[in-house]
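Hello,

Here is the structure I promised to pass on. Please open it first; my notes follow below.

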Protein chains: 2
Amino acid sequence: MSEAPFPNVAVIGLGLIGGSIGLAVQEYMPGARVTGWDADADVRCVAGERGLAHAVPEELADAVADADLIVLCVPVRAMESAAAALAGKIKPTCVISDVGSCKQSVAEAIARALPGQPVVPAHPVAGTEHSGPEAGFATLFQNRWCILTPGKDSDPQAVERVSAFWANIGATVDTMAPDHHDLVLAVTSHVPHLIAYTIVGTASDLEEVTRGEVIKYSAGGFRDFTRIASSDPTMWRDVFLSNKQAVLEILQRLSEDLSAMQRAIRRDDGDALFDHFTKTRAIRRSIIEEGQDDARPDFGRSDHSSVGDGAANEGGSGL
Amino acid sequence: MSEAPFPNVAVIGLGLIGGSIGLAVQEYMPGARVTGWDADADVRCVAGERGLAHAVPEELADAVADADLIVLCVPVRAMESAAAALAGKIKPTCVISDVGSCKQSVAEAIARALPGQPVVPAHPVAGTEHSGPEAGFATLFQNRWCILTPGKDSDPQAVERVSAFWANIGATVDTMAPDHHDLVLAVTSHVPHLIAYTIVGTASDLEEVTRGEVIKYSAGGFRDFTRIASSDPTMWRDVFLSNKQAVLEILQRLSEDLSAMQRAIRRDDGDALFDHFTKTRAIRRSIIEEGQDDARPDFGRSDHSSVGDGAANEGGSGL
């Protein structure tokens with residue numbers, strides 16, 4: 001194990017992601033000390049009991065005073081006030097990072113709250129549909145991507161250290177411009193979540209089909225959507241409002257494509273449907289080849305220690 | 001093990017579902033003999049090698065002559081010709097069933113092709129995204145629903161025997177009117193598949209985001225859609241064309257709900273988003289309680305022998 005890129009790490013917000021970072025630092029970065037803090041006293045209490053960090057002090061100042069890296073793990077729209085609360089309590093050299101799913105708005109918010117402080121925004125593309133201080137686990141980031149979106153004036157050395165930090169806890173690091181990140185994530189994450197939330201709502205509002213029937217027969221495909229539609233509501237509300245332009249842009253394209261499918265069905269255009277369905281099959285194959293999902297019946301769990309890390313969406317669907 | 005409800009079973013179409021039925025009969029119905037047939041000689045060859053049935057003769061007539069139950073396992077729009085091909089080759093008492101995902105159109109097609117023959121349409125709500133004679137396995141129907149949609153003039157004894165057949169190979173049987181079945185499945189299966197196919201297509205057509213990026217970052221949620229968007233294209237083309245009215249009706253409602261979400265995002269209406277997202281979470285919980293999915297890290301696989309049976313969609317999503 002190489003030397004820890006930051007001797008003292010502080011994690012603000014001890015939900016699924018923050019808690020997992022705390023556990024991962026303790027597991028994979030023996031040289032580092034990690035402190036944790038959460039605005040919610042109950043969360044601090046559970047975090048202390050589960051040992052999500054070496055220490056979970058009552059006062060924010062005590063959690064961050066010695067920190068060389070602070071990772072903000074709060075909903076996207078809470079980033080600015082979380083950063084502002086650090087003012088006057090931290091070392092001037094302390095690097096501020098975060099785990100927000102939208103990068104442009106978050107980078108601006110942190111810069112506003114802590115002018116002059118070194119900032120390296122990050123987004124680990126990992127998670128589960130569970131949330132809260134009970135949900136984290138040390139292997140969450142194994143074999144997952146973490147995207148850094150440094151600004152033009154980011155200190156290259158700080159970027160390198162944050163990159164090493166994520167690599168140490170198992171992630172593969174990539175770098176991207178913030179606006180491009182927001183568009184890529186709108187496609188691969190934000191709009192899929194919105195669609196899942198919508199279809200689950202549509203199904204539960206029908207008069208002709210009871211909610212019990214929807215639940216009973218969900219194995220036909222619906223079930224796949226409900227998993228991501230059970231993710232944390234506060235986090236997702238913030239994501240959609242913060243990445244508004246990109247989300248609306250992708251949604252608009254999706255609506256047009258959906259209309260084309262609707263039209264093909266109405267006109268009995270079987271060839272158009274068949275061609276489309278054949279194309280999407282190839283994309284699935286690429287995702288499995290890329291190692292971002294697994295087609296085996298045991299989801300490849302026998303190969304590695306990572307549990308609940310997202311390498312797992314196979315199983316029934318079909319009819 | 002009780003006595004087999006049908007001593008001789010013939011399965012027509014040896015893909016995922018037909019092959020699984022053949023294997024399940026051999027595994028769980030020791031008193032019964034099962035023959036298999038497929039219009040494709042290559043499929044018959046693989047089926048013979050894998051032992052999907054006790055016998056896979058070259059001629060259809062040889063596969064069905066002694067049958068007391070014939071299960072048609074072909075795409076929905078191929079049901080009529082598959083049934084017509086049986087005329088003159090089967091016993092007058094032989095019960096005809098099928099596994100189509102649309103019941104109204106299929107029941108009509110079979111009745112047209114084989115007037116006077118006893119028919120009990122069925123739909124096992126089970127499957128995987130894999131297809132073909134290599135895809136089937138004996139435990140596919142364990143803990144899954146099978147919906148029977150008998151007509152008004154169906155022989156009650158035949159219905160009871162078909163019900164016992166499915167129960168013997170692991171399914172829980174339910175009965176429903178064909179038109180209600182088609183609406184329920186439009187919601188729980190057909191429209192979710194159409195949405196998944198659409199969104200995967202939209203993502204792969206973007207100019208600003210490469211297909212490689214979509215694949216790389218798919219763990220953010222997109223991945224969940226690609227699984228069902230890789231199901232058999234012929235089967236799904238037929239489903240959408242055969243259950244047109246119900247699919248278009250549900251699609252229309254979904255479009256309206258999607259517009260409402262779009263509007264909430266555009267107007268920064270965080271409360272509307274939060275309320276909606278909170279509601280859908282409860283539905284997810286019900287699906288897990290109902291046993292149609294599993295929230296545990298190992299997907300409950302340690303509890304039962306069923307592999308790839310659909311009890312498995314947990315894992316990463318989240319951010």
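Which side chain meets that of B:Glu129 in a salt bridge? The partner is B:Arg227, at 3.2 Å from N to O. A salt bridge here is a side-chain nitrogen of Lys or Arg within 4 Å of a carboxyl oxygen of Asp or Glu. The pair links distant parts of the chain, 98 residues apart: B:Glu129 is in the loop between E5 and E6 of chain B, and B:Arg227 is in helix H9 of chain B. Both B:Glu129 and B:Arg227 are buried. Buried means under 20% relative accessible area, exposed over 50%, and partly exposed in between (1.4 Å probe, protein chains only). Helices (H or I, at least four residues) and strands (E, at least two) are DSSP runs, numbered from the N terminus.

First, the ground rules. This is a predicted model, where local features need pLDDT of at least 70 and side-chain atom pairs count only at pLDDT 80 or more, while totals for chains, interfaces and linings use all residues. Residues are numbered from 1 along each chain as its sequence is written, chains are lettered from A and ligands numbered from 1 in the order in which they are written, and side-chain values use heavy atoms, with hydrogens and water left out.

Domains of chain A

The domain assignment, automatic or from a database, gives domain 1 (8-176) and domain 2 (180-268) in chain A. Their centres, taken over C-alpha atoms, are 29 Å apart. In contact (heavy atoms within 4.5 Å) are 15 residues of domain 1 and 17 residues of domain 2. One salt bridge is counted between these two domains. A:Glu129 forms a salt bridge with A:Arg227, with the closest N and O atoms 3.2 Å apart.

Between the chains

The contact takes 121 residues from chain A and 121 residues from chain B. Together the chains bury about 11,200 Å², 66% of it on carbon and sulfur atoms. That area is the accessible area (1.4 Å probe) that two parts lose on being put together, summed over both. Twelve salt bridges cross this interface. One of them joins A:Lys244 to B:Asp268, with the closest N and O atoms 3.2 Å apart. Over all chains, the structure holds 26 salt bridges.

A:Lys216 and B:Asp174 also meet in a salt bridge, at 2.9 Å from N to O. A:Lys216 lies in helix H8 of chain A and B:Asp174 in strand E7 (residues 172-175) of chain B, so the pair joins two chains. A:Lys216 is partly exposed at 22% relative accessibility, whereas B:Asp174 is buried at 17%. There is also a network of salt bridges, which links A:Glu207, A:Glu208, B:Glu249 and B:Arg253.

Within chain B

B:Arg112 and B:Glu80 meet in a salt bridge at 2.8 Å, N to O. They are 32 residues apart, B:Arg112 in helix H5 (residues 104-113) and B:Glu80 in helix H4 (residues 79-84) of chain B. B:Arg112 counts as exposed at 52% relative accessibility. B:Glu80 counts as partly exposed at 30%.

B:Ser97 is in strand E4 (residues 95-98) of chain B. At 2% relative accessibility, B:Ser97 is buried. A polar atom of its side chain lies 2.6 Å from the backbone oxygen of B:Val120. Leaving aside residues up to four places away in sequence, B:Ser97 touches several residues, among them B:Leu69, B:Val71, B:Pro121 and B:Val162.

Best wishes

Conventions: Polar contact = N/O pair within 3.5 Å; in protein donor to acceptor, adjacent residues only side chain to side chain.
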